[in-house]
Amino acid sequence: LHGTTTGISAYDRATTIRALINPATVADDLAFPGHIFPLRARPGGTLERRGHTEASVDLMRLAGMEPGAVICEILGEDGMAARGADLLAFARRWGIGMLAVDTIARYRRIHRVSLVSETHLPTPEATFKLLHYREIATNLDYLALVLGDIQTPSPTLVRLHSACTTGDIFGSQRCDCQAQMQAALHTISAEGRGVLIYLPQEGRGIGLAGKLQAYRLQEQGYDTIEANEHIGYPADARTYSSAVEVLRDLGVTSVRLMTNNPEKLRAVSEQDIDVQRIPLEMQPTDDNRHYLLTKQRRFGHLLTSLSEVQAAL
């Protein structure tokens, strides 16, 4: 790093490392060659290669932090790399946690998400406990809004809500997403207990850019499925395994699921969650009638309030 001396001292190396993890640092800030040796972890982490590089990056991801880490070799009194008992003694002496690379890989094989942080979120409906989970393989964020005691034997009121930037944030009338989210939060608040999990699955899992491209085609007469498939996406790319793991982490094994989507009911029940359905139908509008009708006819959504819509089309 420019501004250090030889770069080899512990102080200079620490200064360089702090600069490396600073997102504002650019290549011209660093001097080459240096005494910090960069390594690149395999994309699959410890599930692809059982190395210390992959293990350190996996740990950062599990903690919800940037996927970069600093590793070093611990030497024994004889100058050789410490192993086994020597490492355990070192860890105990300095109060450092110790785990094996295989342990990290085993955790990743079992778990899809990791709890990052927990706080409280006051809303117009109620003050929810807000838990931030991160999907380990993708770094995608899942949010769980929890109200009341959800670990009782009776089924918990649950909404699995896929993110919709245009609807949830801007109030788009092309869909019923914002109305469903608000209705679900109101229902949970009225009951005094329940969970809403906000899933990072924009546009049925195809992302915001793909959804907006599909919108353009829908304006030309395509329905939702036709538009998605025309631009090379599946009709619905969503999965619910990570959401179910969040429920299990919260201690929920029996739910009253607020949904009209039979695929969502099937996906959750197949993962050993006891499911009862609570309808979540919104009043159709002039702007979303065709959208809701497509959901009913093409996706099989359980919508019973569309008779007036069908008569109008």
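Helix 2, which spans residues 52-62, is largely enclosed by the rest of the structure, because 8 of its 11 residues are buried. The structure discussed here is a predicted model.

**Helix 2 and its surroundings**

The buried residues of helix 2 are Thr-53, Glu-54, Ala-55, Ser-56, Val-57, Asp-58, Arg-61 and Leu-62. These buried residues pack against helix 4 (101-110), strand 1 (113-122) and strand 2 (127-135). Just after helix 2, the chain reaches Gly-64, whose phi is positive, at about 75°.

Glu-54, one of the residues of helix 2, can be looked at in more detail. Its relative accessible area is 2%, so Glu-54 counts as buried, the cut-off for that word being under 20%. A polar atom of the Glu-54 side chain lies 3.0 Å from the backbone nitrogen of Arg-42. When neighbours within four places in sequence are left aside, Glu-54 is in contact with Arg-40, Ala-41, Arg-42, Gly-45, Thr-46 and Arg-49.

Asn-228 belongs to helix 9, which covers residues 224-230. With a relative accessibility of 3%, Asn-228 is also counted as buried. Not counting residues up to four places away in sequence, Asn-228 touches Gly-203, Ile-206, Ala-214, Tyr-233, Pro-234 and Ala-235.

**An aromatic pair and a surface patch**

Helix 3 runs over residues 84-94 and includes Trp-94. How many aromatic pairs does the model contain by the rule used here? The count comes to 1 aromatic pair, and its rings are those of Phe-90 and Trp-94, with centres 6.5 Å apart and planes at 50°, so the pair is tilted.

Phe-90 and Trp-94 are 4 residues apart in helix 3, so about one helical turn separates them. An α-helix has 3.6 residues a turn, and therefore residues three or four places apart point the same way.

Phe-90 is partly exposed, whereas Trp-94 is exposed. Together with Ile-96, Phe-90 and Trp-94 make a nonpolar surface patch of about 310 Å².

| Residue | Relative accessibility | Class |
|---|---|---|
| Glu-54 | 2% | buried |
| Asn-228 | 3% | buried |
| Phe-90 | 32% | partly exposed |
| Trp-94 | 52% | exposed |

Definitions and conventions: Residues are numbered from 1 along each chain as its sequence is written. This is a predicted model: local features need pLDDT of at least 70, side-chain atom pairs count only at pLDDT 80 or more; totals for chains, interfaces and linings use all residues. Side-chain values use heavy atoms; hydrogens and water are left out. Patches are made of residues with over 30% relative accessible area and no salt bridge: like charges are joined within 9 Å, nonpolar side chains (Val, Leu, Ile, Met, Phe, Trp, Tyr) within 5 Å. Accessible areas come from the Shrake-Rupley method with a 1.4 Å probe; for residues, only the protein chains shown count as cover. A salt bridge is a side-chain nitrogen of Lys or Arg within 4 Å of a carboxyl oxygen of Asp or Glu. Helices (H or I, at least four residues) and strands (E, at least two) are DSSP runs, numbered from the N terminus. Buried means under 20% relative accessible area, exposed over 50%, partly exposed in between (1.4 Å probe, protein chains only). Contact means heavy atoms within 4.5 Å. A polar contact is a pair of N or O atoms within 3.5 Å; within protein, one must be able to donate a hydrogen and the other to accept it, and residues adjacent in sequence count only if both atoms are side-chain atoms. Rings of Phe, Tyr and Trp (its six-membered ring) pair if their centres lie within 6.5 Å; planes under 30 degrees apart count as stacked, over 60 as edge-to-face and the rest as tilted.
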